[in-house]
Amino acid sequence: MKCQNCGTENKQEAKFCKKCGKPLVVTPVWKPTLIWHLKVLGIIYLCLILLFFLLNHLLKPYMRKLPQEITPWLYQK
Ligand SMILES: [Zn+2]
């Protein structure tokens, strides 16, 4: 791996640069955590649920024009 400080090529397993002595740490790529995943999935599901209710609300007048047999949930009491 290359030293990020001076650019000297070092051994793959080297922890410090042989030339300048700086630690050869590769800045870790951002790794999403479990909490992050849960948050994002929660937001996605919330959006889907909201979209469902919104579409349901918007499409109700149109669905009423459809035969009762295929939209029985609109006529439930
Ligand atoms: Zn170096």
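Why does the distance between the end C-alpha atoms of helix 1 agree with what its 30 residues should span? Helix 1 covers residues 34-63, and at 1.5 Å a residue it should span 44 Å; its end C-alpha atoms are 41 Å apart, so the two agree. (That expected span is 1.5 Å times one less than the number of residues.)

A quick word on what you're looking at. This is a predicted model, where local features need pLDDT of at least 70, side-chain atom pairs count only at pLDDT 80 or more, and totals for chains, interfaces and linings use all residues. Residues are numbered from 1 along each chain as its sequence is written.

The protein has 1 helix and 0 strands; these are DSSP runs, with helices being H or I of at least four residues and strands E of at least two, numbered from the N terminus. Helix 1 bends by about 30° at His57, with a proline, Pro61, following within four residues. The bend is the angle between axes fitted to the seven residues ending at a residue and the seven starting there.

Now for the overall size:

| Item | Value |
|---|---|
| Radius of gyration of the protein | 29 Å |
| Box filled by the C-alpha atoms, along the principal axes | roughly 80 × 20 × 15 Å |

The radius is taken over C-alpha atoms, and the globule rule is 2.2 Å times the number of residues to the power 0.38.

What about burial? Helix 1 is hardly covered, with a buried count of 0 among its 30 residues.

How values were computed. A residue is buried if 20 or more other C-beta atoms lie within 10 Å of its own, exposed if 12 or fewer, and partly exposed in between; C-beta atoms are placed from the backbone.
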